[in-house]
Amino acid sequence: MEKELLEEISEILKRLGIAPDKNGYHYLRKAIFECYNNPMLLTRITKGIYPTVAEAFGTRKENIERCIRTAIETGWTRGDYEFSNELFGYCVDYEKAKPTNGEFISIIVDDLLLKYNKINA
């Protein structure tokens with residue numbers, strides 16, 4: 001299941017225009033994976049997920065935040081518009097602004113949780 005989930009996350013990120021040759025791609029994949037396994041991290045992006053990812057990669061949480069933000073900005077302008085619109089729907093106005101790091105991660109995690117029936121209603 002872990003490998004399948006990581007492959008799914010990778011495919012989503014690539015379709016959203018985030019290239020695997022950037023640190024932000026790897027940080028986002030790890031952040032999404034960790035939040036999928038522990039959805040409570042979604043309520044603690046700055047104090048929960050950034051330090052977790054930073055520890056895994058041996059860097060600072062500020063670096064994680066910046067690289068993720070840059071990856072989202074880059075992908076937002078060159079990714080699959082239809083896929084982005086389908087995934088983010090009414091949560092983000094595609095024409096006006098990109099999602100925040102937290103919005104981006106939480107929307108993808110929520111989609112994966114629904115897909116794999118891991119939501120506790």
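Tutor: The model is a predicted one, in which local features need pLDDT of at least 70 and side-chain atom pairs count only at pLDDT 80 or more, whereas totals for chains, interfaces and linings use all residues. Residues are numbered from 1 along each chain as its sequence is written, and side-chain values use heavy atoms, with hydrogens and water left out.

Helix H3 comprises residues 45-57, and its buried residues are Ile45, Gly48, Ile49, Tyr50, Val53 and Ala54. Buried denotes a relative accessible area under 20%, exposed one over 50%, and partly exposed anything in between, with a 1.4 Å probe and protein chains only. Helices are DSSP runs of H or I with at least four residues, strands are runs of E with at least two, and numbering starts at the N terminus. Just after H3, Gly58 adopts a positive phi of about 65°.

Two of the covering helices also meet each other. The axes of H2 (residues 23-37) and H4 (residues 61-78) come within 8 Å and cross at roughly 105°; these axes are lines fitted to C-alpha atoms over the stretch in contact, and angles between N-to-C directions run from 0 to 180 degrees. H2 and H4 are therefore roughly perpendicular to each other, a class that spans 65 to 115 degrees, with under 35 counted as roughly parallel, over 145 as roughly antiparallel and the rest as oblique. On the H2 side, the contact is made by Asn23, Gly24, Tyr25, Tyr27 and Leu28, and on the H4 side by Asn63, Ile64, Cys67, Ile68, Ala71 and Ile72; contact means heavy atoms within 4.5 Å. These residues divide into eight nonpolar, three polar and no charged. Here Ala, Val, Leu, Ile, Met, Phe, Trp, Tyr, Cys and Pro count as nonpolar, Asp, Glu, Lys and Arg as charged, and the others, Gly among them, as polar.

Charged side chains pair elsewhere in H2. Glu34 and Lys30 form a salt bridge at 2.8 Å, N to O, a term that requires a side-chain nitrogen of Lys or Arg within 4 Å of a carboxyl oxygen of Asp or Glu. Both residues lie in H2, four residues apart, about one turn of the helix. Lys30 is partly exposed, with a relative accessible area of 24%. Another salt bridge joins Arg60 to Glu62, with the closest N and O atoms 3.8 Å apart. Arg60 is exposed at 52% relative accessibility, while Glu62 is partly exposed at 40%. By this rule the count is six salt bridges.

The wider chain provides the setting. There are six helices and zero strands, in the pattern α-α-α-α-α-α along the sequence. Buried residues account for 41% of the 121 residues. Among contacts with a separation of 6 or more, 60% are between residues 24 or more positions apart. The C-alpha atoms fill a box of roughly 35 × 35 × 25 Å along the principal axes.
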